[in-house]
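Trainee: I would like to learn how to read a disulfide and the strands around it. Can you take me through one model?

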Amino acid sequence: MRTAFAVLALAAASAPAIAAEIHLDCARSNQTAMVDVDTGRQFLQIMWSEGVAEEYQQGDSYISGPDKHGRKERVVYVMSVDKSLITFGTDRLCMDGGADTCAERHVRNTLDVGRGEMKYDNGDEIAVLACHPAPPGRRF
């Protein structure tokens, strides 16, 4: 197990030079997630046990529909690799200049491949999941 993490950490550390796929299974007491990373494309996907999927592609963005106050936001996905630490999340940027009720938000989650740990901001709490290499053969 320790060797597998060393190999994954080495792959993540060399991400700028060599693209790598990293596939992990993560869990905490009441939740599991399959996490797949492509360091070359700066792409991360999560499939939660509840059936919800999330994708983070560095620089992708969209404009949200108006909320109950008529505000729109630009949502920008972020994903970066620094050695064995993968950071991913969103920047929610206000589009209505001067709107008193709009506040920009920056959410950052981390996947520490070397430690085998993912910290994910649920909004109410920071969920900490233990991660281990996925069974061989999993691909995008």
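The dialogue below takes up the disulfide, then its strands.

Mentor: Some ground rules come first. This is a predicted model, where local features need pLDDT of at least 70, side-chain atom pairs count only at pLDDT 80 or more, and totals for chains, interfaces and linings use all residues. Residues are numbered from 1 along each chain as its sequence is written, and side-chain values use heavy atoms, without hydrogens and water.

Trainee: How many disulfides does the structure hold?

Mentor: A disulfide is a pair of cysteine sulfur atoms within 2.5 Å. The structure holds 1. C26 and C131 form it, with their sulfur atoms 2.1 Å apart. The link is right-handed, with 110 degrees about the S-S bond. It joins distant parts of the chain: C26 in strand 1 and C131 in strand 10, 105 residues apart. Strands here are DSSP runs (E, at least two residues), numbered from the N terminus.

Trainee: Is C26 buried or exposed?

Mentor: Buried means under 20% relative accessible area, exposed over 50%, and partly exposed in between (1.4 Å probe, protein chains only). C26 is buried, at 3%. C131 is buried too, at 5%.

Trainee: In which sense do strand 1 and strand 10 pair?

Mentor: Two strands pair if DSSP finds at least two bridges between them. Strand 1 (residues 21-28) and strand 10 (residues 126-133) pair in the antiparallel sense over 4 bridges. A27 stands opposite A130 in strand 10.

Trainee: What stands opposite A130 in strand 9?

Mentor: E117 stands opposite A130. Strand 9 and strand 10 pair in the antiparallel sense over 5 bridges. Their hairpin has 4 residues between the strands, and G123 there takes a positive phi near 100 degrees.
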